Amino acid sequence: MQSTTTLLDPTAELQTAARQLLPRLESIAGLTVGLLDISKPRGKEFLDEVQKHLEEAGAKVRRYSKPTFTRIAPTELTQQISVECDAVIEGLAD
Amino acid sequence: MNQVLETQSANYVLVVKKDCPTCTLIEPVIRSLAKNTALSLKVYVQDDPSFPANLDGVIDDSSLEYSYQAEIEVVPTLIRLSDEGDTQTEESRIYGWDKQQWQSFTRIAELGADLVDFKPGCGSKTQDPGMSEVLALRFGKQILQARSVELAEAEDIMEACYDRGWSDGLPVVPPTPLRVMRMLSGSPRDAAEIVGNAPPDNVPCTIEKIAINAVMAGCKPEYFPVVIASVEAALQDRFCMHGLLCTTYFSAPVMVVNGPITKQIGMNSGINALGQGNRANATIGRALQLIIRNVGGGVPGGIDRACMGNPGKYTYCFAEDESDENWLSLAMDRGFERKDSVISLFAGEGLQPVLDQQSRAPESLAKSMASSLRSVAHRKLFGMADAILVVCSEHRRVFREGGWNKADLRKALFEELMTPGTEVVRGADGIAEGMPEKFKDKMLNKFREDGLHIVTTGGTAGMFSAIIGGWVASGERGSQLTSQKI
């Protein structure tokens, strides 16, 4: 006769918080867009191209890069981007 | 000597079990104490409430609740209580049978006069193997904080663990509260202590969560300190567990354990040390992987983006063979002493043999090994991936007989692996892959400084050393070998 079994949860017991998306931008003309290079090889060439298109659409572009692609972005960097930019594009992997 | 108190009536508590010859010996003593109106006696019996015979009011403690709370270690134990207001507190206790001691403790001169002078007691049932965690769980302070998962009656326990996504693909040991308590007993660390934040979700990882996953991995409690140390190493910034988990490359933590603990817990550093069959090797390596999966949230296809992965992502843990006193261990290379128990984590994968059955001179064998080491990641990529050279026992003998120590081998490998950039730049040998053009006129070494580690393990037969290739993001920009004292 097997009674009820209790196990202990091996996970972090986290539930991902559901977050409301920020309002989408109607236009990027006159706004500042940050480009974050995660520091993978050839990221610069790709983001140069993206920057050209953004500037043609009237945006000001600011460039940032992570110290290394193997670690998450430092808090100071994400805070700096959030203060200086209206929008950000992060380049992920190669 | 116990002081005799001039109180009107003394209160005593006696804890016994029938299965103890000393308790049965003093059965008449217990009855006479119970009848004595000058004192009050409560008798708790651990196994059979009909014992002592012909005595009313015996308290059945077969749940062992009183014995646990009173921290009884031996039966019989006789406790004298003192009244302080409404509460009774323990004044002192004696255990076993020592006639003189009992007589002075109870202030009854003739107590048990016809019995032997002395007979030691027996172990309390609270001291039975495995009982302390059972009782701590039932009557102790609540130390487990993890969410309880109640399984439905129809659920198969093994399947339930799979269904909840807790497994690496192999069966796990169901983490019941009792098993987790037993795992926690393997370390003095507080269950609630936070060891660090586990990537990739960057969530606090407690000793308790480590214990739960160590249970699931199949660890014994005596392995637990090694598992904790492996987590502490993995969470150091220099190891870069976050990036290692996310990478499309093959790598995962490879663990090398040094020092006396390897013998104490029966780790394998001999025949088949990197293979299957040893519980400690197998389960310690697996525990860290389960922690990253379950606590950190690093699941293959989720944040773990490995193109192929490698079989070592189930488990990759072994002990170093430290039988040659004159050959420095990996831990000693990292600044520890022979007497220290240390776990070192390396971001690596796979095992590439270095077969050399002909070399009898150190010079030849070092060249042989260097030649094979060029294949790490790619023959034309230099300074990118670290490596561990795993020297087998017979190859170590060749070096030792040739008068070489580990430093000599390291120096020879370094010199042998210096290479003109022109040979390995992109396009050389008709192969597009290789070093960028800017290295064309430089002398390059296959490994960055501190990028090649040397370890010894394995059986005594076979001239087969091996290479554990490292992550291509080795060094400060990614992962560096990380050692943690256990």
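Visitor: In this predicted model, which residue in β10(B) does T6(A) stand opposite?
Guide: The model is a prediction. Strand β1 of chain A covers residues 6–8 and is joined to β10(B) by 3 bridges, the two running antiparallel. In β10(B), the residue opposite T6(A) is E150(B).

Visitor: Which element gives the most residues to the side of chain B that touches chain A?
Guide: On that side, 30 residues of chain B are in contact with 15 residues of chain A. The elements of chain B giving two or more residues are β10 (148–150), α7 (177–184), α8 (207–217) and α10 (241–246). By class, the side has 16 nonpolar, 8 polar and 6 charged residues. The element that gives the most, with 4 residues, is α8(B).

Visitor: What is the order of the strands in the open sheet of chain A?
Guide: The sheet has 3 strands, with parallel pairing. Its edge strands, each pairing on one side only, are β3 (60–65) and β4 (87–91) of chain A. The twist from one strand to the next averages 20 degrees. The order is β3-β2-β4.

Visitor: What angle does the direction of helix α2 of chain A make with that of β2(A)?
Guide: Helix α1 (residues 43–56) of chain A packs on the sheet, and its direction makes about 170 degrees with that of β2(A). Helix α2 (residues 75–84) of chain A also packs on the sheet, touching β2, β3 and β4 of chain A. For α2, the angle with β2(A) is about 160 degrees.

Key: Residues are numbered from 1 along each chain as its sequence is written. Chains are lettered from A and ligands numbered from 1 in the order in which they are written. This is a predicted model: local features need pLDDT of at least 70, side-chain atom pairs count only at pLDDT 80 or more; totals for chains, interfaces and linings use all residues. Two strands pair if DSSP finds at least two bridges between them. Axes are lines fitted to C-alpha atoms, for helices over the stretch in contact, and angles run from 0 to 180 degrees between N-to-C directions. Two residues are in contact if their C-beta atoms, placed from the backbone, lie within 7 Å. Ala, Val, Leu, Ile, Met, Phe, Trp, Tyr, Cys and Pro count as nonpolar, Asp, Glu, Lys and Arg as charged, and the others, Gly among them, as polar.
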